[in-house]
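Welcome! Please take a moment with the sequence and the 3D view before reading on.

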Amino acid sequence: ARIPPLEVRGVAPYAGPVEIAPSILSADFANLQAALESIRNADWAHVDVMDGHFVQNLPIGTPVVASLAKVSPLPLDCHLMIENPGRWAPPQWSLCN
């Protein structure tokens, strides 16, 4: 899903390719696999991983990321919003790019 470089008035053009990574945070959590299928033409699926401490919400944690990794047609771009990365990040790194 590559698009040409963006031109914004008053800003130097970005020379590199633009990649599309839709977030699944607003997806229907009852059917995340269908949400992933609906964005299969994107470059990545953006996943906001939260621990309930660093960020109060806890919609997506390690078990959900593990399930997503099994069915995603796209690589997962995981945004780790976690307080203790030494505890929570290692399981994520093998599932996310």
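Here is a short briefing on the chain, grouped by topic.

This is a predicted model, in which local features need pLDDT of at least 70, side-chain atom pairs count only at pLDDT 80 or more, and totals for chains, interfaces and linings use all residues. Residues are numbered from 1 along each chain as its sequence is written, and side-chain values use heavy atoms, with hydrogens and water left out.

**Overall layout**
- The chain holds three helices and two strands; helices (H or I, at least four residues) and strands (E, at least two) are DSSP runs, numbered from the N terminus.
- Reading from the N terminus, the order of elements is α-β-α-β-α.
- Of the 97 residues in the chain, 31% are buried; buried means under 20% relative accessible area, exposed over 50%, and partly exposed in between (1.4 Å probe, protein chains only).
- Contact means heavy atoms within 4.5 Å, and 57% of the chain's contacts between residues at least 6 apart in sequence join residues at least 24 apart.

**Confidence**
- The chain has a mean pLDDT of 78, with 71% of its residues at 70 or more; pLDDT is the predictor's confidence in each residue, from 0 to 100.
- Confidence in the chain is highest in helix 1 (residues 32-38), at a mean of 94, and lowest in helix 3 (residues 85-93), at 66.
- Where pLDDT is low, the predicted coordinates should not be read in detail.

**Strand 1 and its partner**
- Strand 1 runs parallel to strand 2 (residues 76-81), and six bridges join them; two strands pair if DSSP finds at least two bridges between them.
- Alanine 45 stands opposite leucine 76 in strand 2.
- Both faces of strand 1 are covered, with Ala45, Val47 and Val49 buried on one side and His46, Asp48 and Met50 buried on the other.

**Histidine 46**
- Histidine 46 belongs to strand 1 (residues 45-50), and it counts as buried because its relative accessible area is 17%.
- Its side chain makes a polar contact of 3.1 Å with the side chain of aspartate 48; a polar contact is a pair of N or O atoms within 3.5 Å, where within protein one must be able to donate a hydrogen and the other to accept it, and residues adjacent in sequence count only if both atoms are side-chain atoms.
- Leaving aside residues up to four places away in sequence, histidine 46 touches Ala21, Pro22, Ser23, Ile24, Asp77 and His79.

**Asparagine 41**
- Asparagine 41 sits in the loop between helix 1 and strand 1, and it is exposed because its relative accessibility is 65%.
- From C-alpha to C-alpha, asparagine 41 and alanine 21 are 9.9 Å apart in space, while 20 residues apart in sequence.
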